[in-house]
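Hi,

Here is the structure I promised to pass on.

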Amino acid sequence: MADVLRGPKHIGIIMDGNGRWAVKQGKSRTAGHKEGLEAAKRIIKAARSAGISFVTLYTFSTENWKRTKEEVGFLMGLIKNHLRNEYDFYKENGIKVLHTGDLKMLPGDVREEIRLAEQDTESFSGMTVILALNYGGRDEIIRAIKKIPSDVIDNLTEEKFSSYLDNNSIPFPDLIIRTGGERRISNFLLWQSAYSELFFSDKLWPDWQAEDLYEAIRDFNGRERRYGGVTE
């Protein structure tokens, strides 16, 4: 464990492979999403043990509305019930919950559960979990642009622009993990991940264990981050 404690401060995770996991198991896609939720809890606990301060989970993208009505409905119910029923998990692990994404398109009961989860955990200081729910990186950038006063545009800097993004006090992710064998970031934290290190895993998300996270952190710790500069 000691070799992962000096790892990244903020990790973003694209939790891919729930549906394929379910097919391999001869189960429904909904069973895959349930297992994916259990994996998320395991990895959050592992991240906390490793001293990670922030974890952003790509929970439901702006593109996921293209899935079947039945699957979207199940996912919304799963998210709502998770937020409602996992307070003891948040409290036990000192987890503060935040949301990133466009709330307006979400069902009213899901919006309310997000509000309550944020309210009920706002004093917890063990770590922060950001749920990217109805989230898209391009959408976040457009929403940020719409917030900028016209008299600011001419003197706009990257730093000022960042202040209009969701959760602008959260440090940008040091590491982005994607499971499930794909090699892309799929509209996830586009602005924030400009200098993030990327780690891709072939393992499907429901199969992820604490050691998989630690492997990604060790890989990160072995890299040299230059942010566009050079070293001797």
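Before the notes, one term: contact means heavy atoms within 4.5 Å. Helices (H or I, at least four residues) and strands (E, at least two) are DSSP runs, numbered from the N terminus.

A word on where this comes from: it is a predicted model, in which local features need pLDDT of at least 70 and side-chain atom pairs count only at pLDDT 80 or more, while totals for chains, interfaces and linings use all residues. Residues are numbered from 1 along each chain as its sequence is written, and side-chain values use heavy atoms, with hydrogens and water left out.

Let's start with strand β1, residues 10-14. Five of its five residues are buried (buried means under 20% relative accessible area, exposed over 50%, partly exposed in between, with a 1.4 Å probe and protein chains only). H10, G12 and I14 point one way from β1, while I11 and I13 point the other way.

β1 has partners too (two strands pair if DSSP finds at least two bridges between them). With β2, residues 54-61, β1 pairs in the parallel sense over five bridges, and there Y58 is the bridge partner of I14. With β5, residues 175-178, β1 also runs parallel, joined by four bridges; I11 stands opposite L175 there.

Next, the annotated positions. An unreviewed UniProt entry marks D16 and E197 as "binding site"; UniProt positions are given in the numbering used here, feature names are shortened, and annotations may be inferred rather than shown by experiment.

D16 lies in the loop between β1 and α1 (18-24). D16 counts as buried because its relative accessible area is 18%. Beyond its neighbours within four places in sequence, D16 is in contact with R178, T179, G180, E182, L204 and W205.

E197 is in strand β6, residues 197-200. E197 is at 16% relative accessibility, so this residue is buried as well. Leaving aside neighbours within four places in sequence, the contacts of E197 include D174, L175, I176 and F220.

F220 brings us to helix α8. This helix covers residues 210-221, twelve in number, and reaches 17 Å from its first C-alpha to its last, close to the 16 Å expected at 1.5 Å a residue (the expected span is 1.5 Å times one less than the number of residues). Its buried residues are D212, L213, Y214, A216, I217, F220 and N221. What covers those buried residues of α8? Among the elements doing so are β1, α2 (29-49), β5 and β6.

Cheers
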